Amino acid sequence: SVNISEIAKTNLEAQARKKELLEKNGYPADYLDVPYTCKKCNDSGILKGKLCECHLALLQKLSVEGLSCSPILAKSTFESFSLDYYSSIKDVELGFSHRDIMGGVFAMLKNYAENFGPDSPSLFFSGGTGLGKTHLALAIFNVLTAKGYSVYYASARKVIKQLNNEHFGKGDTDLNEEFSRNDLVIIDDLGAEFETPFGTAAINEIIDDAVLMGKPMILVSNLDKNVFEQRYGERVASRLNAFEIIQFFGTDI
């Protein structure tokens, strides 16, 4: 019969002898060991049935590099955002100038980025075209990715197209998995996509899932809250109660 304990003992002795011979001949004791980059998962990318930190870091890097091909990302920082484009004339109805209001929006979003965490609230950016919504959304993206957070950013049109491809077996990625593994999801240009029953249902499901999971999300739309609710229905309207509404003011920059 095979004595397992004796085999284990012989194996350990052989390993010790191997290290001894390596060191005797001027080599490090671990010279013949595989030099894994990640010591936690031995470069498999999987740890205890889940994606390892090294795998997540690589996915995050690829996500940032994918966006970096667009010049708008490098330009969209808090430092490059200027309030000079907004009128300093007091708006009679609002009681403040657009510059004053946008100064408050800027400060609030900068603080959001600097103090972001899993419990951060979801935000809904609303306002006309050219008011800086995408700029500040990407400024948040830049701050968070620099801190090591993983952020998913895409237009609503791209998200719906990807979900449609997955639905018909044409996609090679799982968007729901991407959403769940990222710390923040940013969906831009909501309402600018072509209106279809599938698209409307997809947006409803995405917002539903984010709210139910407590996942921080930023929605960016040229539609105001009322028109947005008419477009996407009562279910989205109720879910938007879980979002902080950030209204952008001014004229098209």
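Two strands are said to pair if DSSP finds at least two bridges between them. Helices (H or I, at least four residues) and strands (E, at least two) are DSSP runs, numbered from the N terminus. The structure is a predicted model, in which local features need pLDDT of at least 70 and side-chain atom pairs count only at pLDDT 80 or more, while totals for chains, interfaces and linings use all residues. Residues are numbered from 1 along each chain as its sequence is written, and side-chain values use heavy atoms, with hydrogens and water left out.

**Stop 1: strands 4 and 5**

Select residues 151-155, which form strand 4, and then residues 184-190, which form strand 5. The two strands pair in the parallel sense over 5 bridges. Within this pairing, Ser 155 stands opposite Asp 188 of strand 5. Is strand 4 buried or exposed? Buried means under 20% relative accessible area, exposed over 50%, and partly exposed in between (1.4 Å probe, protein chains only). Of the 5 residues of strand 4, 4 are buried, so the strand is largely enclosed by the rest of the structure.

**Stop 2**

Side chains of opposite charge can pair when their charged atoms come close. A salt bridge here is a side-chain nitrogen of Lys or Arg within 4 Å of a carboxyl oxygen of Asp or Glu. By this rule the model contains 3 salt bridges.

Select Arg 239 and Asp 208, whose side chains meet in a salt bridge at 2.4 Å, N to O. Arg 239 belongs to helix 10 (residues 234-239) and Asp 208 to helix 8 (residues 197-213), so the pair ties together parts that are 31 residues apart in sequence. Asp 208 is buried, with a relative accessible area of 10%, whereas Arg 239 is partly exposed at 24%.

**Stop 3: helix 4**

Next, select Lys 110 and Glu 114, which form a salt bridge with their closest N and O atoms 2.7 Å apart. Both residues lie in helix 4 (residues 98-114), 4 residues apart, or about one turn of the helix. Lys 110 is partly exposed at 27% relative accessibility, and Glu 114 is partly exposed at 41%.

**Stop 4: helix 1**

Finally, select Arg 17 and Glu 20 in helix 1 (residues 4-24), where they sit 3 residues apart, about one turn of the helix. Their closest N and O atoms are 2.9 Å apart, and the two residues form a salt bridge. Glu 20 is partly exposed, with a relative accessible area of 45%; Arg 17 is partly exposed at 42%.
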